Amino acid sequence: MKQHKSKVVSYNKWGYIFLAPFAITYIIFSLIPLITTVYNSFFENYRSGLTQIGPNFVGLGNFATLLSNGDLAMYFSNTMIMWVMGFIPQILLSLLLGAWFSDPQLRLKCAGFFKSVIYLPNLIMASAFAMLFFTLFSDTGPINSILISLGIGQFKFMTHVWSVRALVAFMNLLMWFGNTTILLMAGMLGIDTALFEAAQVDGATSTQVFFKITLPLLRPILIYVMITSLVGGLQMFDVPQILTNGSGDPMRSSMTLIMYLNKHLFSKNYGLAGALSVLLFFITGILSLIVFKVTNTKVE
Amino acid sequence: MKEKKEKGLSIGTRRVIAYITLIVITFFCLFWFYVLFINATRSHAELAKGFTPFPSNKLVKNWVGVIHGTLPLVNGLINSAVVATLSGLLGIYFSTMTAYALHAYDFKGRKAIFTYILMIMMIPSQVTALGFYQLVLNMKLENSFIPLIIPSIAAPVTFYYMKQYMESNLPLSLVEAARIDGSGEFNTYNKVVLPLMKPALAVQMIFAFVGSWNNYFIPALILHEDKKKTLPILIAQLRSADFLKFDMGQVYVMIAFSILPVIVVYIFLSRFIVGGVAAGGVKG
């Protein structure tokens, strides 16, 4: 490859060249689908029995249909409830474990083993994991067999609102806390050890060090973790879908937004699927902005 | 909160608390898989009698039953491996290249592009699934792996991670030095930048691989032929079949089969993964 003589200009054009594969792929497979999804949301387009209705332009009709029945609000709150139930214990546990693993005083033995173990569930296929939990917690499954032998008696996990939600949240927690711990720990290890030594010389306890030094310096990574987890939470699909076989039962209390979208996609109701996608797009956008505002980050 | 209680506690006490907590957590991480592998060795009749913590000897019998069953599991494993490997490799190579473009070159619109990618990072792929599905139909790529592999070239999360990593681990003076030595820009990226990014590349390869391996939503929309289905779709089919009519020993073997390859690979790579993240990491 020959080099040009006029340095600054010729180098910087490489920025565009290196950017091109990403940009082209993004435009074809994400931007164009986004635009056609929005376009679809303005048309009535579904099957009623064997007859195809539409596509007919209905303006905001699909949005009116979606918002006028209570399903959307219910599925949104289901999704957020299950996310919060998983995320709060996850972030607390991850901060605690991250602090322990990165504490030079504590010198935990087998730290490598424990880190490997807590990351393991993240690699497990979510659908297989949900299928496993469904089998383990089924009415005649091993968990109930253990409960009965302990004298507690059978508990029908799949028929109670909060036990299904708790199972979903618990699976999300198990699958993601190891990942979060490793990210936070990497951030904690990146902090200049001189700061810790100085604090120690000044007689700070490990609690003070954690809240006054570690946490503030971790903020960029905490923001990253929270945003990615929130987006992941809104995308919640595999676990409740497999666990409840797509029904979101009992009484659709574990039906998430994406499960709702999936229903419309499979029944080929493209109008409502489009409108729901557009709403999800805005919900994601607004929630991301709130996270940015609350944590008062400066995106460079 | 827990930290508050420990205020002033001796190192020894804190260590004991840490170990007990870690052992409890380890139990909660591994228990499910232990039960899975134990139950995979038991027959339907034995499983019906209730749970015991000891394995039986019906593993091979269950396995043979699965192989002769209706779900093409071996095929699914190969399909999943192909899709996840290729999309992982394409994703880390090109998204790192994108991060490098924004890190090393000062071109017009650089800041705007960075902000734009940060914004799209938060948009779930499911939001564009409808348009994506219609695009795939128009391109006649239904039942093809291409729509599952090629789009991972644009992986905003990988991009962001790499950009952060470069900021603390890739001094531009190295790039300058390579230029002085007469290295072309493309060559510099492949021979100088990529080797320096190895820990981050490994970590992101694993995340990308896992993401694709786990992916159920999009493949389920696109792959309908039995021969083309990936493992998550087959697992979902298992769930939607009349579950109680199944031989439970075989059900456990099928679940074990779809997660065992990953566990085996992980046993060898785990230190490297965790070490790679800890060594390179996102620096605060």
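## Backbone features in two loops of chain A

In this predicted model, A:Cys110 sits in the loop that runs between helix 3 (71-102) and helix 4 (111-123) of chain A. Although A:Cys110 is not a glycine, its phi is positive, at about 60°. Most residues other than glycine have a negative phi, and most peptide bonds are trans.

A:Pro250 belongs to the loop between helix 10 (238-243) and helix 11 (257-266) of chain A.

## Salt bridges

Over all chains, the count of salt bridges comes to eight. One of them joins A:Asp71 to A:Arg252, with the closest N and O atoms 3.2 Å apart. Because A:Asp71 lies in helix 3 of chain A, whereas A:Arg252 lies in the loop between helix 10 and helix 11 of chain A, this pair ties together parts that are 181 residues apart in sequence.

## The interface of chain B and chain A

Between them, chain B and chain A bury about 10100 Å², and 76% of this area is on carbon and sulfur atoms. The contact draws 112 residues from chain B and 108 residues from chain A.

Across this interface there is one salt bridge, in which the side chains of A:Asp103 and B:Arg14 meet at 2.8 Å, N to O. Polar contacts between chain B and chain A involve 17 residue pairs, counted where both residues have pLDDT 80 or more. On the side of chain B that touches chain A, the largest share, 20 residues, is contributed by helix 2 (residues 11-40) of chain B. Sorted by class, that side of chain B comprises 79 nonpolar, 19 polar and 14 charged residues.

## Helix packing between the chains

Helix 5 (residues 126-136) of chain A packs against helix 2 of chain B at an angle of about 75°, and the two axes are 11 Å apart. Helix 5 of chain A is therefore roughly perpendicular to helix 2 of chain B. From helix 5 of chain A the contact is made by A:Phe129, A:Leu132, A:Phe133 and A:Leu136, while helix 2 of chain B supplies B:Trp32, B:Phe33, B:Val35 and B:Leu36. By class, the residues of this contact divide into eight nonpolar, no polar and no charged.

## Helix packing within chain B

Within chain B, the axes of helix 11 (residues 185-196) and helix 12 (residues 198-214) come within 5 Å of each other and cross at roughly 75°. Helix 11 of chain B and helix 12 of chain B are therefore roughly perpendicular to each other. The residues that make the contact are B:Leu194, B:Pro195 and B:Leu196 on helix 11 of chain B, and B:Lys198, B:Pro199 and B:Leu201 on helix 12 of chain B. The residues of this contact are divided by class into five nonpolar, no polar and one charged.

Methods: Residues are numbered from 1 along each chain as its sequence is written. Chains are lettered from A and ligands numbered from 1 in the order in which they are written. This is a predicted model: local features need pLDDT of at least 70, side-chain atom pairs count only at pLDDT 80 or more; totals for chains, interfaces and linings use all residues. Side-chain values use heavy atoms; hydrogens and water are left out. Axes are lines fitted to C-alpha atoms, for helices over the stretch in contact, and angles run from 0 to 180 degrees between N-to-C directions. Helices (H or I, at least four residues) and strands (E, at least two) are DSSP runs, numbered from the N terminus. Angles under 35 degrees count as roughly parallel, over 145 as roughly antiparallel, 65 to 115 as roughly perpendicular and the rest as oblique. Contact means heavy atoms within 4.5 Å. Ala, Val, Leu, Ile, Met, Phe, Trp, Tyr, Cys and Pro count as nonpolar, Asp, Glu, Lys and Arg as charged, and the others, Gly among them, as polar. Buried area is the accessible area (1.4 Å probe) that two parts lose on being put together, summed over both. A salt bridge is a side-chain nitrogen of Lys or Arg within 4 Å of a carboxyl oxygen of Asp or Glu. A polar contact is a pair of N or O atoms within 3.5 Å; within protein, one must be able to donate a hydrogen and the other to accept it, and residues adjacent in sequence count only if both atoms are side-chain atoms.
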